[in-house]
Amino acid sequence: MSQTKTELLQGNLYINGEWVSEEEQTYFESINPATQELVGTCAAATANQVDDAVKAASTAYSHWKNTSIPERAAFLTKAAELFEDRKEELAQVMTKEMGKPLSESIGEVGVVIATAQYMAGEGRRLFGEIVPAGFPDRDIKMVREPLGVVACITPWNFPVSLASYKMFAALIAGNTVVWKPASEVALSAKIFMEVLHAAGLPKGTINLLTGSGRIVGQRLATHSEVKIISFTGSTEVGQQLAEMSSKTLKRISLELGGKNAVIVLKDADLDKAAEGIVKSAFTTTGQRCTAASRVIVDRSVKEELLKKVIALTEEMKIGNGLEQGVVIGPLVNEQQCRLVEDYVQKAVEEGGNIALGGHALSELGTCYYMPTIIDNVSSNHTIAQEEIFGPVLAFIEVNGYEEAMSVNNGTMYGLSTSIYTSSLHYASRAAKDAVSGLVYINNGTSNAEMGVAFGGMKMSGNGHREVSHHAFDVMTEWKSVYTNY
């Protein structure tokens, strides 16, 4: 049944504390990938509106940076309470816009609440340093200072939690924000912004711009008044943003792609390994930067592990994320579905064997793809090297730990590595040897916690971290103060 006109949502832009649109404003559609129904329409920001948002944030900065940290924290604490009130509504819209199961969306709003609470507390820990002076009658201190306007550019797979990581760290540090979410989840962003507005944040402190990356993203990356770019998305776009922002010497934080692996040694608990693999590979339909897309397994236990992984995968219910019991929803759009199909076809052409799946589920809709497991993959195959962002898992056989770690480190990415083993020796070595920002011992590749630095090495990022107090290394800069008395 199609939606009625009254059920459709409309998203405008939020600039300087008000919802705004121009007389000639153009709009784009948000489509439910599960049903192809129209969820609503969203405003596409113009270059002038980008300038307006940056100006509002820049004007608000002088007041916000001089607002006491406890007062800044009070806004975040209030926002956490209001997100709790609108948790179900926001989760419903997220699932309609990008397809993941409702339980995942509800969990994501919970992460937003936890992040607001965490960053409110971290405000009391923005410590400086006292440095012993080399001369008599002198004091030296080092203090953290905010930089100004932060442009937060976020993806569609986690519409609000990734935004909260960036924006709440920026705000508690004393910066102001211009937020550009992915167009696929613009209506989720609208609700998120409504909550922050209700929390009473001063006008201009946060501004929301929906629209194309070509207009909004590029304008933010080159704008002289934007001091920080915080981006999560593909490595290719991250490289482009880094190049564009370099001319104005912006600080840029990049959380990029991954080609994450689960290493399974012959002494591993295979039942636990299989469970961790399936959750890591197929949660969010494989559309997460930390998703496991490679299983690097000792040859002696490969067949047994493969059978267990297939059996668990076949138990997963696929369908509309709003339906009870569904654990795998559609891909975000038809384009992503076609991309997955192309990668699977390429894997077969290069010698891979499809052990499960390998086809679209057209009977469910245009964006559904069967969770796919491909055996007989070599480490140099395309499917073992490039990020797919879909429910595709490659099995790679190795002989022992040394070869396993060599294969793990043999891609341009370095985000998350998991190893299953009962050996303290190999667990300890893996923690040191894995060229990854995240290493999990006897756990899957997607199991991060609040307060722990999150980010990748190599082409998975540029060295900055989120989720913990280490975010302030991006959101602040040091000022050294010398006082002679």
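Tutor: Contact here means heavy atoms within 4.5 Å. This is a predicted model, where local features need pLDDT of at least 70, side-chain atom pairs count only at pLDDT 80 or more, and totals for chains, interfaces and linings use all residues. Residues are numbered from 1 along each chain as its sequence is written, and side-chain values use heavy atoms, with hydrogens and water left out.

Student: What is Asn408 in contact with, leaving aside neighbours within four places in sequence?

Tutor: Ala261, Ile263, Arg294, Ile296, Thr417, Ala434 and Ser436. Asn408 itself sits in helix H12, residues 400–408. Helices (H or I, at least four residues) and strands (E, at least two) are DSSP runs, numbered from the N terminus.

Student: Does Asn408 count as buried or exposed, and why?

Tutor: Buried means under 20% relative accessible area, exposed over 50%, and partly exposed in between (1.4 Å probe, protein chains only). Asn408 has 5% relative accessibility, so it counts as buried.

Student: And Glu18, buried or exposed?

Tutor: Glu18 is at 52%, so it counts as exposed. Its place is in strand S3, residues 18–20. Lys203 is 185 residues away in sequence, yet the two C-alpha atoms are 7.8 Å apart.

Student: Why is Thr445 put in its accessibility class?

Tutor: Its relative accessible area is 0%, so Thr445 is buried. Thr445 is in the loop between S20 and S21. Beyond its neighbours within four places, its contacts include Asn260, Ser280, Ser418 and Tyr440.

Student: What makes the approach of Thr290 to Thr445 a polar contact?

Tutor: A polar contact is a pair of N or O atoms within 3.5 Å; within protein, one must be able to donate a hydrogen and the other to accept it, and residues adjacent in sequence count only if both atoms are side-chain atoms. The backbone oxygen of Thr290 lies 2.7 Å from a polar side-chain atom of Thr445. The backbone nitrogen of Ala292 lies 3.3 Å from a polar atom of that side chain.

Student: Which elements do the buried residues of H9 pack against?

Tutor: Among them are strand S13 (260–264), strand S14 (292–298) and helix H10 (302–314). The buried residues of H9 include Leu270, Ile277, Val278 and Phe282.

Student: Why are H4 and H5 described as they are?

Tutor: Axes are lines fitted to C-alpha atoms, for helices over the stretch in contact, and angles run from 0 to 180 degrees between N-to-C directions. The axes of H4 (102–122) and H5 (161–173) come within 9 Å and cross at roughly 15°. Angles under 35 degrees count as roughly parallel, over 145 as roughly antiparallel, 65 to 115 as roughly perpendicular and the rest as oblique. H4 and H5 are therefore roughly parallel. Val111, Thr115 and Met119 are among the H4 residues that meet H5.

Student: What is the angle between H1 and H7?

Tutor: H1 (47–64) and H7 (213–222) pack at about 45°, with axes 9 Å apart. That makes H1 oblique to H7. Among the residues that meet are Val50 and Val54 in H1, and Ile215 and Leu220 in H7.
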